[in-house]
Amino acid sequence: MPPRKPKVNQSVGISAPHSGLLCGVLRGFCNQPWVRLSPNTPFHRLLGLVRSAMSLILYNTLTRRKEAFQPADPARVTMYVCGPTVYSYAHIGNARSAVAFDVLHRLLKHTYGNVAYARNITDVDDKINAAAKAQNVPITAITDKFAQIYRDDMAGLGVLPPTAEPYATAHMGEIISMIGRLITSGHAYAAEGHVLFHVPAFADYGKLSGRNMDDMIAGARVEVAPYKKDAADFVLWKPSTDDLPGWESPWGRGRPGWHIECSAMIAKEFGPTIDIHGGGNDLVFPHHENEVAQSVCAHGGAPLARFWLHNGFLTMDKEKMSKSLGNVLLAHDILKTTPGEAVRWALISGHYRQPMDWSDDLLAQSKKTLDRLYLALDQVKHIEAVKADVPAPVLAALNDDLNTPIALAEIANLLHKLNTAATDAEKAQAKGELLATGALLGVLQQDPAAWLKGGGLKGDAASSSVDAAHVEDLIAQRNAARKAKNFKEADRLRDAIAALGVVIEDRADGTHWRMAG
Ligand SMILES: [Zn+2]
């Protein structure tokens, strides 16, 4: 018997957008300390390692191109995203950022297992001070309340909690010591109770945002504080009057500037360099540019983050959201009337880097799509799902710079697969794939029957949408009327049920009901 030919035409599962990066990735890959290759490394092991190493491609704001992502330590991926300043409710644009980075968090967890993800709470800020003063309460009364509301609202959108949630006020020691280091190294100076970062002392300033010094000076406010050596210099520490929150420091009683808080918290949480730093694209300049300047100069030139990711902005019916236009939509309010998954679906229906236009139509469409999915899942509730992997096309879409629109289109394909499955075994497989995909994207996490009955709303909102006991009572009366062949009464009851916005369906195992989509 001739020896079997080794399989050489095995697919490596590299999709087209990835193939151009192959050479560079392979070159860098073999130098990784965690890749212990020997001449005897089996081909399939090599293939698996290559595949995992080149699985995720992310657009890096720093280099302005898509790059193959490899964490410095695959046993612990590190990510930091700028979190909320807790003096008010988060608007839907803030929610977009939290959801976009939650998709990345979930994908990284799926790929690497261990992700250290910090999202900070800015709990000292002039807006917080103003709110506390207006209400005559300590700042913690404002910050504790809105930090909890933020957590609850984000949970309502299916955002997983980060692994760390550092508070700025809990890091005053780190902030003060980092400022001290920047003064010692000649990158910062104290003046009139303030400490300022001296921008000309950092040659790479402007690299992240792609701005040059002339643009920045031209863009700077005409009135420059007299204590600044350079118009572009920014505040690391500022003095507090007695009526404002303040901390003792070598430069007097004061409080930190916003930018230094993130730099200090990242260093405390992770050390000088992290894998991924994220935020909304309105933070690229000046916030993130200033974070880079502070951290790089305080850490002897070590980069702050290897990958910088920024999500696009959100408009409301093609207009910028602003208080003056009165079109600021709060996540907290929208969750009172719309299921969180529908809001999440709408938010990830566009690519995270593209601008997104929010509208009632977008939300209604998203809700309808989920209704269809839950209806299909409800119809196979008696079939136990196979424990399936996330299908390759879904992973390929997400690995290509988090292409959620394509991933959602793949969900539509999986729905079709489920609806057209001929046997219970096929249905179990399709259901398993659908649920695995839903889990990765943070959707389809509700009980289908509950979703269909309460529209996916939770708590008070769900109970106010329809009285389930009342509906079930009407259904029982209708079925009794049908049994007694009193069809006139049965029809009247059917109409009464429909008037509640409830759709009923008579199946072999009884009458099922759901809210009309
Ligand atoms: Zn920040």
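In strand β9 (residues 274-280), G278 is the bridge partner of V81, a residue of strand β3 (residues 77-81). The structure is a predicted model, in which local features need pLDDT of at least 70 and side-chain atom pairs count only at pLDDT 80 or more, while totals for chains, interfaces and linings use all residues. Residues are numbered from 1 along each chain as its sequence is written. Helices (H or I, at least four residues) and strands (E, at least two) are DSSP runs, numbered from the N terminus.

Strands β3 and β9 pair in the parallel sense over 3 bridges; two strands pair if DSSP finds at least two bridges between them. Strand β3 is also joined to β4 (residues 115-119) by 5 bridges, and these two strands run parallel. Here V77 has V115 of β4 as its bridge partner. Together with helix α4 (residues 92-112), β3 and β4 make a right-handed β-α-β unit (right-handed if, with the strands pointing away from the viewer, the path from the first strand over the helix to the second runs clockwise).

In a regular strand the side chains alternate between the two faces of the sheet. Both faces of β3 are covered, with V77, M79 and V81 buried on one side and T78 and Y80 buried on the other. A residue is buried if 20 or more other C-beta atoms, placed from the backbone, lie within 10 Å of its own.

Strand β7 (residues 234-239) is joined to β8 by 3 bridges, and W237 has P256 of β8 as its bridge partner.

A further open sheet has 3 strands in the order β12-β11-β13, with mixed pairing. Its edges are β12 (319-320) and β13 (356-358), and each has a single partner strand, so one side of each lacks a neighbour in the sheet. Strand β11 (residues 314-316) runs antiparallel to β12, to which 2 bridges join it. The bridge partner of M316 in β12 is E319.

Helices α19 (residues 468-483) and α20 (residues 487-499) pack at an angle of about 160 degrees, with their axes 8 Å apart (axes are lines fitted to C-alpha atoms over the stretch in contact, and angles run from 0 to 180 degrees between N-to-C directions). Helix α19 is therefore roughly antiparallel to α20, a term for angles over 145 degrees.

How values were computed:
Buried ≥ 20, exposed ≤ 12 C-beta atoms within 10 Å, placed from the backbone. Parallel < 35°, antiparallel > 145°, perpendicular 65-115°, else oblique.
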